[in-house]
Amino acid sequence: MTTLTPAAPEEAAEAVAQAYADRAALAVTGLGSKAGLGRPWNAERRLDLSRLSGVTFYEPAELVVCARAATPLEEIEALLAANGQELAFEPMSFDALYGAGAGSIGGALMANLSGPRRVRAGAARDHILGVRAVNGRGEAYKAGGTVVKNVTGYDLARGLAGSFGALGVVTEVNFKALPRAETAATLVLPGLAPKPAVAALCAAMGSQADVSGAAHLPPFAANSLGFPAAATLLRIEGFAPSVEERFERLAALLRDYAAPERLDAEASGRAWRAIRDVVPLAAPRDRIIWKVSVAPTAGPAVAAAVARAHDCEAMFDWSGGLVWLALAPDAAEDGAAELIRGAVAVQGGGHATLVRAPDGLRAGTPVFQPLDPALEALSLRLKAQFDPADILERGRLRARA
């Protein structure tokens, strides 16, 4: 595979235009942290954007940060933290799962990343203001800008979120930043089984405590983070007096589930970073990882259905609506994909994504949730408009017909 490393957006556009002329498939990477997500590459050339790095504009008073696509997330987060700000969608890092670093700001948009705070703040697509990108013909364009109310017609910046580079090569992104919380505390309910734990999480989310993280760790996951038993965690962030008042209110609401315990700001931060990055299930590296998105109350039933058939560990985020499953390597030979997606369907529908697996399994299994025919047709029409020769990330999202 030939690797192209443009040093400027114009060079990226030229590389795509040449690939379009040659009808040569392009794999698009920034820092390569998510190369294991999706179907294996089926490309003749690799467009390596790692040289397109650096913050191009940051105005703390306007809560706007603009950066080239391959700027490391850690660099963006450090810059914002120094000014009392943050990316509110709390983008996860795949480093624990893949061992390839935390990734780039452009990759956060392409994968539409989010962390535990999604229950309150949304995902990357909800905070993108604008992009500069190149379509599959090699034509550069700009969408959006640096303010919230800048959209007329189609919101292309948001439309690219979660496309994994299959609709365009993003060279620069503009994100909205938000003030960083002064402090945080986490309420812990020990020893609950998944079903009552999710009931507690949902009760907390329906309260006025303004919870910014709601997760449940069954014994295996909890033990890996130092908890002696299963742990149900609820995060509260903000100004110190407000955190104290809301914590006490939440503890009173949930004390019938279990005796509430507390993590201070530092311990809370460590726990939620680990939950965000799926650290409890990351080892051993040969375990197969699935990400399942369902209605919160359906999460425990899906996990239980899989555990009855396979050696499986689980953890729950987003008030139970996000279920991470770690399966033994031999699950690939026992119909795990069909079982997981069948369990999701029985519980009312959702999405199941194969996040970590050997290349052979990723090549032979639909990695992303298959779309219904109407959405599939719409997706293909969109792809034909943005990338008519199908050169961008060919076959990464789905097998070619």
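1. Start with Asp277, which sits in the loop between helix H10 (265-276) and helix H11 (279-282). Helices here are DSSP runs of H or I with at least four residues, strands are runs of E with at least two, and both are numbered from the N terminus. Is Asp277 buried or exposed? Asp277 is buried, with a relative accessible area of 10%; buried means under 20%, exposed over 50% and partly exposed in between, using a 1.4 Å probe and protein chains only. Leaving aside residues up to four places away in sequence, Asp277 touches Met92, Ser93, Ala96 and Leu97, where contact means heavy atoms within 4.5 Å.

2. A word on the source: this is a predicted model, where local features need pLDDT of at least 70 and side-chain atom pairs count only at pLDDT 80 or more, while totals for chains, interfaces and linings use all residues. Residues are numbered from 1 along each chain as its sequence is written, and side-chain values use heavy atoms, with hydrogens and water left out.

3. Next, strand S11 (residues 183-190). S11 is mostly covered, with six of its eight residues buried. Which strands does S11 pair with? One is strand S13 (residues 231-238), joined to S11 antiparallel by eight bridges; another is strand S14 (residues 261-263), also antiparallel, over three bridges. Pairing requires at least two bridges found by DSSP between the two strands. If you want to check this by eye, Leu189 has Thr232 of S13 as its bridge partner, and Thr186 has Leu263 of S14.

4. Now the three-stranded sheet. Its order is S1-S3-S2, the sheet is open, and the pairing is parallel. Strand S1 (2-4) and strand S2 (26-29) stand at the edges with a single partner strand each, so one side of each has no neighbour in the sheet. From one strand to the next, the twist averages 25 degrees. S1 pairs with strand S3 (residues 45-48) over three parallel bridges, and Leu4 has Leu47 as its bridge partner in S3. Helix H1 (residues 9-22) lies across S1, S2 and S3 and runs at about 165 degrees to S3. Axes are lines fitted to C-alpha atoms, for helices over the stretch in contact, and angles run from 0 to 180 degrees between N-to-C directions.

5. On to helix H7 (residues 194-205) and helix H9 (residues 240-254), which pack at about 135 degrees with their axes 10 Å apart. That makes H7 oblique to H9; under 35 degrees counts as roughly parallel, over 145 as roughly antiparallel, 65 to 115 as roughly perpendicular, and the rest as oblique. Ala200, Ala203 and Ala204 of H7 meet Leu250, Leu253 and Leu254 of H9. By class, that contact has six nonpolar residues, no polar and no charged. Nonpolar covers Ala, Val, Leu, Ile, Met, Phe, Trp, Tyr, Cys and Pro; charged covers Asp, Glu, Lys and Arg; the others, Gly among them, are polar.

6. Last, helix H12 (residues 299-309) and helix H13 (residues 336-346). Their axes come within 9 Å and cross at roughly 150 degrees, which means H12 is roughly antiparallel to H13. H12 passes H13 in a right-handed crossing. Val302, Ala305, Val306 and Ala309 of H12 make the contact with Leu339, Ile340, Ala343 and Val344 of H13. The contact of H12 with H13 has eight nonpolar residues, no polar and no charged.

Definitions and conventions:
Left-handed = near helix turned anticlockwise from the far one by under 90°.
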